[in-house]
Amino acid sequence: MTQAHTSPASSGTDTAKAVRMADANDDPLLSLVLKQLDDDQAQEIVTIDLEGKTSIADYMVIASGRSTRQVASMAQKLAETVKKEGFGPVKLEGLPAADWVLIDAGDVVVHLFRPEVRSFYNLERMWAFGDAPPVAGTA
């Protein structure tokens, strides 16, 4: 069974947050990433469990920012927080344009997008093998 959980920031429900945090309880790095993204008001956060699908990471987190400025800010703060909390340095790709920033934190890979770019690439569907819910703005 594919585990892709969404939690749109616009829903404001504690249930969505509880679903996200339930997955995160097993992995301290994932928990840290999800908390930081929530603190930075990331939108439509999706966590995909990659175990058994690939060896590149255990989890993939996909989220949106409202603008390139917010995407860049979230990426930089997340990288600083991960390093500060002792998980080591992370690799950042795409920061200058900030349409799509990839944060490789080892066991957790994070993709931060502007909404238009996210709907174009639709990574949730590709990595969840069609079981992920559609991204807002796609048909």
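## Terms and model

A residue is called buried under 20% relative accessible area, exposed over 50% and partly exposed in between, using a 1.4 Å probe and protein chains only. By this scale aspartate 99 is partly exposed, with a relative accessible area of 27%.

The model is predicted: local features need pLDDT of at least 70 and side-chain atom pairs count only at pLDDT 80 or more, whereas totals for chains, interfaces and linings use all residues. Residues are numbered from 1 along each chain as its sequence is written, and side-chain values use heavy atoms, with hydrogens and water left out. The chain has an average pLDDT (the predictor's confidence in each residue, from 0 to 100) of 81, and 73% of the residues score at least 70. Over residues 1–22 pLDDT stays under 50; for this segment the model has 35 contacts (heavy atoms within 4.5 Å) beyond four places in sequence.

Helices (H or I, at least four residues) and strands (E, at least two) are DSSP runs numbered from the N terminus; two strands pair if DSSP finds at least two bridges between them. Strand 4 (residues 91–93) runs antiparallel to strand 5, joined by three bridges, and glutamate 93 stands opposite leucine 102. Their hairpin has six residues between the strands, and glycine 94 takes a positive phi near 90° there.

Strand 5 also pairs with strand 6 in the antiparallel sense, over five bridges. Aspartate 104 is placed opposite valine 109 of strand 6. Three residues separate these two strands in a hairpin, where glycine 106 in the turn has a positive phi of about 90°. In a regular strand the side chains alternate between the two faces of the sheet. Strand 5 has Val101 and Ile103 on a covered face and Trp100, Leu102 and Asp104 on an uncovered one.

## Helix 3

Helix 3 (residues 68–84) has 17 residues and should span 24 Å, in agreement with the 24 Å between its end C-alpha atoms; the expected span is 1.5 Å times one less than the number of residues. Its buried residues include Val71, Met74, Leu78 and Val82. The buried residues of the helix pack against helix 2 (28–39), strand 3 (59–64), strand 4, strand 5 and strand 6. Glycine 86, which follows helix 3, has a positive phi near 90°.

## Aromatic pairs

Rings of Phe, Tyr and Trp (its six-membered ring) pair if their centres lie within 6.5 Å; planes under 30 degrees apart count as stacked, over 60 as edge-to-face and the rest as tilted. The structure holds three such aromatic pairs. The ring centres of tryptophan 100 and phenylalanine 113 are 4.8 Å apart with planes at 35°, so this pair is tilted. Tryptophan 100 lies in strand 5 (residues 100–104) and phenylalanine 113 in strand 6 (residues 108–113), so the pair ties together parts 13 residues apart in sequence. Phenylalanine 113 is buried at 1% relative accessible area, while tryptophan 100 is partly exposed at 29%.

Tryptophan 100 forms another tilted pair with tyrosine 121, at 4.7 Å centre to centre and 50° between the planes. This pair links strand 5 to helix 4 (residues 115–121), 21 residues apart. Ring pairs join Trp100, Phe113, Phe120 and Tyr121 into a cluster.

## Salt bridges

Five salt bridges are found in the whole structure, each a side-chain nitrogen of Lys or Arg within 4 Å of a carboxyl oxygen of Asp or Glu. Arginine 114 and aspartate 99 meet in one of them, at 2.5 Å from N to O. Arginine 114 lies in the loop between strand 6 and helix 4, and aspartate 99 in the loop between strand 4 and strand 5, 15 residues apart.

Arginine 114 also forms a salt bridge with glutamate 116. Glutamate 124 and arginine 118 meet at 2.4 Å; glutamate 124 is buried at 2% and arginine 118 at 1%. Shared partners join Asp99, Arg114 and Glu116 into one salt-bridge network.
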